[in-house]
Amino acid sequence: MASSLRKWLKAIHPEGIPGPCAFVYDALTRSSIFQRHYDLVAQDILNCGSQGRLLDIGTGPAWLLLKLHQRAPQLALTGLDISPAMVRKAKANIAQAHLTGAIELVEAGAKDLPFPDCTFDLVVSTGSIHHWKDPVRSLDECHRVLKAGGTALIYDLVVNLPEAVRSAARREFGRYRMLLLWLHSFEEPFYSQQQMADLAAQSVFGKGDVRFVGVLCCLTLHRSS
Ligand SMILES: C[S@@+](CC[C@H](N)C(=O)[O-])C[C@H]1O[C@@H](n2cnc3c(N)ncnc32)[C@H](O)[C@@H]1O
């Protein structure tokens, strides 16, 4: 019953966040649980590399790009989102930080990235892969636009948080925020850890490793050549 409901939600779930929801999402992501995770993810990305060009797919309000710019201004940052309303929000947030021109924004979808082969050193994405209607082709696109030796880091919530991760997050954020997260993860058709790894196995990458950064599952993919 729960699994058929989830399949149905997946089928009707919009790929890009529509106008009014973009407004709500922008407000929600100003909260401490989100901002803490942008900090954690920014540090995790920079542990992997801090030079060259980085693409953030499904950048939403662009908070992650702003955190990355603060910590590593030498990185050339591009944010991409399929939702025109989200791109407008991202532009407004970047303008408010007086960084217009320092961070590039592009309106496009993950399955047809409008960049030449071998453009980026790093491709990242947070909370977006569960929206992608064609995740394997989109991962193939990540592979195509990465330079040889480049890395893709795809972060998302998953349906089956390991108990150790759940209790650490409960201690840090409290039961109420964790309940919100649980409700959100039922409404949103997230993947499991295993399904994230399976998507990597079906893509040109051939395989990917999964681990947790805060409550986010991170799928790490390497382009060798
Ligand atoms: C839940 S939001 C996450 C936004 C941001 N990365 C964050 O962590 O706050 C998901 C974002 O992915 C975008 N998105 C969904 N499907 C996409 C696709 N196929 N290509 C590019 N962006 C997509 C949505 O419009 C939305 O802005």
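Two residues are taken to be in contact if their C-beta atoms, placed from the backbone, lie within 7 Å. In this predicted model, valine 123 touches Leu55, Ile57, Cys142, Val145, Leu146 and Ala152, leaving aside residues up to four places away in sequence. Valine 123 is also listed, with Leu54 and Leu68, among the residues with the most contacts inside the largest nonpolar core, a set of 55 residues. In soluble globular proteins, nonpolar side chains tend to be buried together.

For the chain as a whole, the secondary structure comprises eight helices and seven strands. The C-alpha atoms fill a box of roughly 45 × 40 × 30 Å along the principal axes. A compact globule of 225 residues would have a radius of gyration near 17 Å, and the value for the chain is 17 Å, so the two agree. Buried residues account for 38% of the 225 residues. Among contacts with a separation of 6 or more, 74% are between residues 24 or more positions apart.

Strand E7 (residues 216-222) pairs with two other strands, E5 and E6. Strand E5 (residues 146-156) runs antiparallel to E7 and is joined to it by six bridges. Within this pair, threonine 151 has histidine 222 of E7 as its bridge partner. Strand E6 (residues 209-213) is likewise antiparallel to E7, with five bridges between them, and here valine 210 stands opposite leucine 219. E6 and E7 form a hairpin with two residues between the strands, in which glycine 214 takes a positive phi near 60 degrees. A residue is counted as buried if 20 or more other C-beta atoms lie within 10 Å of its own. Five of the seven residues of E7 are buried, so this strand is largely enclosed by the rest of the structure.

Arginine 88 is found in helix H5 (residues 84-96). The C-alpha atoms of arginine 88 and glycine 60 are 9.4 Å apart, while the two residues are separated by 28 positions in sequence. Arginine 88 has 17 other C-beta atoms within 10 Å and is therefore classed as partly exposed.

Methods: Residues are numbered from 1 along each chain as its sequence is written. This is a predicted model: local features need pLDDT of at least 70, side-chain atom pairs count only at pLDDT 80 or more; totals for chains, interfaces and linings use all residues. A residue is buried if 20 or more other C-beta atoms lie within 10 Å of its own, exposed if 12 or fewer, and partly exposed in between; C-beta atoms are placed from the backbone. Helices (H or I, at least four residues) and strands (E, at least two) are DSSP runs, numbered from the N terminus. Two strands pair if DSSP finds at least two bridges between them. A nonpolar core is a set of buried Ala, Val, Leu, Ile, Met, Phe, Trp, Tyr and Cys residues joined through C-beta atoms within 7 Å. The radius of gyration is taken over C-alpha atoms; the globule rule is 2.2 Å times the number of residues to the power 0.38.
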